[in-house]
Amino acid sequence: HSCSMNSVELINDLAGSARYMMGTQGSATPGSWPYRQLLKKIFNVLESSKNVEPNEAFDKMLPSLQSLSFYNAEDFWLAGYSSDLAICSLDPNRVNLVNLRVRQLARVLKAGLDDRVTRDAIQLAHLKSQSYWAENYTDLYDFCSCLEEQCRDDVPAQFAIKSACADVKDALRDSSAPLVLCSDYYGPAYQFSYGASIYFPWRSPDALTSVTYQGYRFNEVRNGNGPS
């Protein structure tokens with residue numbers, strides 16, 4: 001429960017340590033999560049589902065846990081604040097699939113930088129997409145959606161980018177086993193939040209930040225399939 005925690009980098013660091021994580025990509029307001037009520041709901045559902053496999057019972061409960069926390073912050077919404085809230089899977093297989101597809105997207109984006117029109121399309125999509133934390137983080141799904149709109153099918157480099165964007169979106173939200181299980185937002189500042197962001201600053205980070213970032217599990221090559 002802190003600001004800007006729902007990033008693919010943090011999801012990688014937590015993958016396998018639990019089954020799910022709930023968090024925000026943008027601002028997290030103090031006192032907005034009703035911990036006592038959340039625990040009561042979990043225990044009540046498990047108690048009333050003794051004939052059901054516990055994981056199955058909990059899976060069905062996820063949207064209501066997200067809604068309980070989301071609507072508990074309604075006073076902040078009425079006061080003019082913006083926020084988002086999502087629950088993501090920490091299943092290593094789902095996390096690794098997102099990593100694979102982000103890696104492929106990175107490859108075709110780098111290849112497209114040599115073409116001015118394609119480079120402009122990437123910059124415009126970055127400008128239009130939902131950002132957080134002084135524009136250092138970007139909603140990954142929204143960036144891919146904005147980039148798809150800018151790319152043309154009859155330009156090979158742009159078609160490759162468009163296809164890679166579709167694959168990333170599928171792994172994040174559109175498949176039968178998505179990374180983002182449920183999400184919502186309130187207020188205009190985060191209206192294009194889809195549940196998971198990625199570090200995407202407008203300028204090259206300083207040396208210390210670069211070294212630190214390389215140490216994240218997100219950059220590990222697992223079985224030859226990790227991001228680069």
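Reader: Which elements do the buried residues of α7 pack against?
Author: Keep in mind that this is a predicted model. The residues of α7 that count as buried are L140, Y141, D142, F143, C144, S145, C146, L147 and E148. Their packing partners are α1, α5, α6, β4 (137–139), α8 and β6.

Reader: How many of the eleven residues of α7 are buried?
Author: Buried means under 20% relative accessible area. Helix α7 is largely enclosed by the rest of the structure, because the buried share of its eleven residues is nine.

Reader: How does α6 lie relative to α7, and at what angle do they cross?
Author: Helix α6 spans residues 116–128 and helix α7 spans residues 140–150, and their axes come within 8 Å. They cross at roughly 140 degrees. Angles over 145 count as roughly antiparallel, so α6 is oblique to α7. The crossing is right-handed, and the angle asked for is roughly 140 degrees.

Reader: Which residues of α7 does α6 meet?
Author: On the α6 side, the contact uses A121, I122, L124, A125, H126 and K128. By class, the residues of this contact are seven nonpolar, two polar and three charged. The α7 residues they meet are D142, F143, C146, L147, E149 and Q150.

Reader: And what about α7 and α8: at what angle do they pack?
Author: Their axes are 9 Å apart, and the crossing is left-handed. An angle over 145 degrees counts as roughly antiparallel, so α7 is roughly antiparallel to α8. The packing angle is about 150 degrees.

Reader: Which residues of α8 meet α7, and how does the contact divide by class?
Author: From α7 come L140, Y141, C144, S145, L147, E148 and Q150. They meet Q158, I161, K162, C165, A166, V168, K169, L172, R173 and D174 in α8. By class, this contact of α7 with α8 has nine nonpolar, three polar and five charged residues.

Reader: Which residues touch the most other members of the largest nonpolar core?
Author: That core has 38 residues. Elements giving two or more residues to it are α1 (8–14), β2 (83–89), α5 (92–112), α6, α7, α8 (156–174) and β6 (197–199). The ones touching the most other members are I11, L105, L140, L147, I161 and L172.

Reader: Take L140: what is it in contact with, leaving aside its neighbours within four places in sequence?
Author: L140 is one of the buried residues of α7, and it belongs to the largest nonpolar core. With those close sequence neighbours set aside, its contacts are V8, V102, V168, L172, A196, S197 and I198.

Reader: How are α2 and α3 arranged, and which residues make their contact?
Author: The axes of α2 (residues 35–48) and α3 (residues 54–72) come within 10 Å and cross at roughly 150 degrees. That is why α2 counts as roughly antiparallel to α3, and the crossing is right-handed. The contact holds ten nonpolar, three polar and one charged residue. It is made by Q37, L38, K41, I42, V45 and L46 of α2 with P54, A57, F58, M61, S64, L65, L68 and S69 of α3.

Reader: Is S4 buried or exposed?
Author: S4 lies in the segment before α1, and it has a positive phi of about 55 degrees although it is not a glycine. Its relative accessible area is 15%, so S4 is buried.

Reader: And A134, buried or exposed?
Author: A134 is in the loop between β3 (131–132) and β4. A134 has a positive phi of about 55 degrees without being a glycine. With a relative accessible area of 72%, A134 is exposed.

Definitions and conventions
Residues numbered from 1 in each chain as written. Predicted model: local features only at pLDDT ≥ 70, side-chain atom pairs only at ≥ 80, totals over all residues. Heavy atoms only, no water. Axes fitted to C-alpha atoms, helices over the stretch in contact; angles between N-to-C directions. Helix = DSSP H or I, 4+ residues; strand = E, 2+ residues; numbered from the N terminus. Parallel < 35°, antiparallel > 145°, perpendicular 65-115°, else oblique. Left-handed = near helix turned anticlockwise from the far one by under 90°. Contact = heavy atoms within 4.5 Å. Nonpolar A, V, L, I, M, F, W, Y, C, P; charged D, E, K, R; others polar. Core = buried A, V, L, I, M, F, W, Y, C linked by side-chain atoms within 4.5 Å. Buried < 20%, exposed > 50% of the residue type's maximum accessible area, 1.4 Å probe, protein only.
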